[in-house]
Amino acid sequence: AKAAAGSYGVQLGAFKSGPEAAHKHWAELQKQYPVLLEGLSGKVLPTKTSGGNLYRLQTTGVTEQRARQICSSLKANSQGCVVVPPARG
């Protein structure tokens, strides 16, 4: 199944310990769910919060339907997942 391009994303985790933890989590998810995440790449987005830096692991460029499918599959396996709508602006 070829990944359909879209403007939605999926957040797969947020890490306080640094970008390395997010990259490591992405590698683990790719091993566990190779078919589900086929054709996607992980992006680590640093964000400043009141509690310090947070590193969000996301994958982008999917359709809303694919984002929801990825999240429902991951949540069924007790993996955290949030559908990220297209950025407004």
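Contact here means heavy atoms within 4.5 Å. The structure is a predicted model, so local features need pLDDT of at least 70 and side-chain atom pairs count only at pLDDT 80 or more, while totals for chains, interfaces and linings use all residues. Residues are numbered from 1 along each chain as its sequence is written, and side-chain values use heavy atoms, with hydrogens and water left out.

Glutamine 79 is a handy place to start. Leaving out residues up to four places away in sequence, glutamine 79 touches His25, Leu29, Gln32, Tyr33 and Leu74. This glutamine sits in the loop between α2 and β4; helices (H or I, at least four residues) and strands (E, at least two) are DSSP runs, numbered from the N terminus. Its relative accessibility is 17%, so glutamine 79 counts as buried. For the burial labels, buried means under 20% relative accessible area, exposed means over 50%, and partly exposed is in between (1.4 Å probe, protein chains only).

Serine 78 is exposed, as its relative accessible area is 72%. From the C-alpha atom of serine 78 to that of leucine 54 is 22 Å, and the two residues are 24 apart along the chain.

Now for α2 itself. This helix has 13 residues and reaches 18 Å from its first C-alpha to its last, close to the 18 Å expected at 1.5 Å a residue (the expected span is 1.5 Å times one less than the number of residues). Buried in α2 are Arg66, Ala67, Ile70, Cys71 and Leu74. Looking down the axis of α2, these buried residues fall within an arc of 130 degrees, so they line one face of the helix; the arc is that of the directions from the helix axis to the C-beta atoms. The face turned away from the buried side of α2 carries the exposed residues Gln65, Lys75 and Ala76.

Much the same kind of description can be given for α1. Its 14 residues should span 20 Å at 1.5 Å a residue, and the end C-alpha atoms are 20 Å apart, which agrees. The buried residues of α1 are Ala22, His25, Trp26 and Leu29. They cover an arc of only 105 degrees around the axis, which puts them on the same side of α1. Glu20, Lys24 and Lys31 are exposed on the other side of α1.

Next comes the disulfide, that is, a pair of cysteine sulfur atoms within 2.5 Å. The count by this rule is one disulfide. Cysteine 71 and cysteine 81 form it, with their sulfur atoms 2.0 Å apart. The link of cysteine 71 and cysteine 81 is left-handed, with -75 degrees about the S-S bond. Cysteine 71 lies in helix α2 and cysteine 81 in the loop between α2 and β4, so the pair ties together parts that are ten residues apart in sequence. Cysteine 71 is buried, with a relative accessible area of 4%, and cysteine 81 counts as buried at 7% relative accessibility.

On to the inside of the model. A nonpolar core is a set of buried Ala, Val, Leu, Ile, Met, Phe, Trp, Tyr and Cys residues joined through side-chain atoms within 4.5 Å. The largest such core has 21 residues, and those with the most contacts inside it are Val10, Leu12, Leu37, Leu57, Ile70 and Leu74. At least two residues of this core come from each of β1 (5-15), α1 (19-32), β3 (52-62) and α2. Leaving aside neighbours within four places in sequence, leucine 57 is in contact with a set of residues including Val10, Leu12, Phe15, Trp26 and Val44.

The strands pair up as well, where pairing needs at least two DSSP bridges between two strands. Strand β2 (residues 43-49) and β3 run antiparallel and are joined by seven bridges. Together β2 and β3 form a hairpin, with two residues between them. Threonine 49 has glycine 52 of β3 as its bridge partner. The C-alpha atom of threonine 49 is separated by 13 Å from that of serine 17, and these residues are 32 apart along the chain. Serine 17 is found in the loop between β1 and α1, and counts as exposed at 63% relative accessibility.
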